[in-house]
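Work through the exercises below with the structure in view, and try each task before reading its solution.

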Amino acid sequence: QFELLNQNQRKVSGIFQVRKNTPPSLRVTKELRLNFTIGLIRRVFPDAKFVIVVRHPGAQVTSILKMLRSGHLAELERSLLSLHVHLQDSRQFEKFAGHRACLDREQVTCKSLLFWWLINYQTAIEDCKRYNADYKIVFHEELSESPENEYQAIFSFLDIEFNDEVRAYLRHSTTGSKNNSDPAERSPLDTVRESAAYSKATILEVDEKVRLEIAALFERFDVCDELTRYRSLAYDQPIS
């Protein structure tokens, strides 16, 4: 339990961590590395609930490629370059094993990232069903464009109160400006931005090559129903 809940705890300043003398009524962990361990989490935390936030594949891949070129996400890069080994050796990824040619073993490419996008989300969703987990799918675009409605739904799913303090924080973090934020009060996890405009821009800026790769991905694989909204490029911006 400690390992699952505290993978990144050492990287967060102590002032943002839960006080030892205040037992939390709810524990929340945001950890991408847990997406392939739904069965383990269900055994360790039988009452766990899962919120799976799915981001537009073009926007996510474009963002990751930019970060990799800037020297970030080294752990993800190493994992992606060795993903072909896991596809070959793990029964969990057996359905994807025949498509290892999608992966470049020398560098992380758009095609390999899209393949990882599908494996990552589809495995998490299918494992939630397999282990009868209580889960909710949230789409990043809707979360950015209608944050209050989406967060109310998330809070309702988690059986916690969506109060005025939460509304105030949400409005600041999704419609605020970093320039007007007090640095002394800013969390290291701060993401203050105009979320709706940012989300739309990241989708509109996806180039034609990536869009074509997305179309090819959906032609190649039997994608679960929850992800089929991204099958049609009409949802984004038509290819010129």
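Predicted model: local features only at pLDDT ≥ 70, side-chain atom pairs only at ≥ 80, totals over all residues.

**Exercise 1. Identify the residues of the largest nonpolar core that touch the most other members, and state which element gives the largest share.**

Solution. The largest nonpolar core has 45 residues, and among these Val54, Trp117 and Leu227 touch the most other members. Next, look at where the core comes from: at least two residues each are supplied by helix H2 (38–44), strand E1 (49–54), H3, helix H4 (74–81), helix H5 (83–89), helix H6 (110–130), strand E2 (134–139) and H11. Of the elements, H6 gives the largest share, with 12 residues.

**Exercise 2. Locate the nonpolar patch formed on the surface by Leu26, Val28 and Ile160, and decide whether Leu26 is buried, partly exposed or exposed.**

Solution. Together, Leu26, Val28 and Ile160 have about 250 Å² of accessible area in this patch. Leu26 itself is found in the loop between helix H1 (2–5) and H2. Its relative accessibility is 39%, and so Leu26 counts as partly exposed.

**Exercise 3. Trace the salt bridges of Arg167, and say which residues are joined with Arg167 into one network.**

Solution. Side chains of opposite charge can pair when their charged atoms come close. One partner of Arg167 is Glu148, with the closest N and O atoms 3.3 Å apart; this pair links distant parts of the chain, since Arg167 is in helix H9 (residues 164–175) and Glu148 is in helix H8 (residues 147–157), 19 residues apart. Glu148 is partly exposed, at 25% relative accessibility.

Arg167 also meets Asp164 in a salt bridge, at 3.4 Å from N to O, and here both residues lie in helix H9, three residues apart, about one turn of the helix. Asp164 counts as exposed, because its relative accessibility is 58%. Finally, salt bridges with shared partners join Glu148, Asp164, Arg167 and Arg171 into one network.

Conventions
Residues numbered from 1 in each chain as written. Heavy atoms only, no water. Core = buried A, V, L, I, M, F, W, Y, C linked by side-chain atoms within 4.5 Å. Buried < 20%, exposed > 50% of the residue type's maximum accessible area, 1.4 Å probe, protein only. Helix = DSSP H or I, 4+ residues; strand = E, 2+ residues; numbered from the N terminus. Patch = residues over 30% accessible without salt bridge, like charges linked within 9 Å, V, L, I, M, F, W, Y side chains within 5 Å. Areas by Shrake-Rupley, 256 points an atom, 1.4 Å probe, with all protein chains shown as cover. Salt bridge = Lys/Arg side-chain N within 4 Å of Asp/Glu carboxyl O.
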